Amino acid sequence: MDELLTYRLFIATIESGSLSAAAHQQGMALSSASYRLKRLEHRLGVTLLNRTTRVLSLTEEGAAFLQGCRQAVSAMEQAEDRMHRRQAALSGDLVVTAPHDLGERRIAPALLAFQRRHPRVSLELHLSDGLSRGVGRGIDLAIRVGPLTDSALIGVPLADDERRVVASPDYWARRGRPMHPRELHAHDCLVLTRDGEPQTPWHFQEGGKALSVPVAGSLRANSGTLLRRWAMEGAGVILKSSADIRAALDEGVLESALDDYMPPSSGMHALMARDRYRPQRLEALVAWLKEWFRDACQSPRPRDVSRGTW
């Protein structure tokens, strides 16, 4: 097991690009981590890493050994998981990431119910409206809405998810409701940012053809939750998942526009690393989420999460 820990440290060092980050991830002191890697190189009689003051990179021998390390760690994880399968209950840790609104409103209740059904599974939810980086490197599962763009990830469909252009009734009364997407250039659009980059243009369809419209406004944020609150307060127009604004639409706090120009749903997906072993607890969670959202689509009434039913 000591060598397995060293292998995991070596893999984490390459994936994070930092021995310090890898040591923190593995729960050991930096000096201990450095000693482990040096001892491993001494035992193998090769240099695995090119070390400079800023960059760590693999040597040719290191690249070959990395593949073997991953196979060894995967084989051990499979062996451990087979032992877990022999037990009556699932166990272990899972880290999930989801956008703020989606995570708080729809994913958090599902995770709570899953954990109550499997109390030996520990769940951690990271809320982020950014991209799905980190899946397979500390994050087991990402829930995202939109087209799949990363070939290193496997996407499991969970639910359809349409997007809507909405604003408060007060805003529409002041500024007028657009009749065509191009009229959005005259509106204050509340724009989501990811890694500092505004997520524009907004995409529509007209006559079966794609239509992209540049938008801008005086307020931007990297949180969809904040954008929704600003829209509800009359600050501008947002493009948002229907699931995130359903309650506000039902209550009349937000009203939609341009419904006839919205593109087909790209869906909500559970994203996992393509080249990584997936333990039973992760497969079970994905299956649970599929059932959860399938039932949510069939029933207008929310589940009683307080009692762990679904």
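The expected span of a helix is 1.5 Å times one less than its number of residues. In this predicted model, local features need pLDDT of at least 70 and side-chain atom pairs count only at pLDDT 80 or more, while totals for chains, interfaces and linings use all residues. Residues are numbered from 1 along each chain as its sequence is written, and side-chain values use heavy atoms, with hydrogens and water left out. The chain holds 9 helices and 15 strands, taken as DSSP runs numbered from the N terminus (helices H or I, at least four residues; strands E, at least two).

**Chain totals**
- Of the 310 residues, 41% are buried, where buried means under 20% relative accessible area, exposed over 50% and partly exposed in between (1.4 Å probe, protein chains only).
- The accessible surface is about 16,800 Å², and 49% of this surface belongs to carbon and sulfur atoms; areas come from the Shrake-Rupley method with a 1.4 Å probe, and for residues only the protein chains shown count as cover.
- Contact means heavy atoms within 4.5 Å; among contacts between residues at least 6 apart in sequence, 72% join residues at least 24 apart.

- Helix α3 (residues 30–44) has 15 residues and spans 21 Å from its first C-alpha to its last, close to the 21 Å expected at 1.5 Å a residue.
- Its buried residues are A33, S34, R36, L37, L40 and E41. They lie on the same side of α3 because they cover an arc of only 160° around the axis, the arc being that of the directions from the helix axis to the C-beta atoms.
- S31, Y35, K38 and H42 are exposed on the other side of α3.
- Just after α3, G45 has a positive phi of about 75°.
- T13 lies in helix α1 (residues 2–16) and is buried, with a relative accessible area of 1%.
- Beyond its neighbours within four places in sequence, T13 contacts S18, L19, A22, L37, L49 and L56.

**Largest nonpolar core**
- A nonpolar core is a set of buried Ala, Val, Leu, Ile, Met, Phe, Trp, Tyr and Cys residues joined through side-chain atoms within 4.5 Å.
- The largest has 26 residues, and L141, I143, L285, L289 and F293 have the most contacts inside it.
- The largest share of this core, 7 residues, comes from α9.
- Residues touched by I143, not counting those up to four places away in sequence, include V96, L102, L158, M268 and L289.

**Strand β7**
- Strands pair if DSSP finds at least two bridges between them.
- β7 (residues 163–167) pairs antiparallel with β13 (residues 238–241) over 4 bridges, and antiparallel with β14 (residues 255–257) over 3 bridges.
- V166 stands opposite I238 in β13 and opposite S256 in β14.
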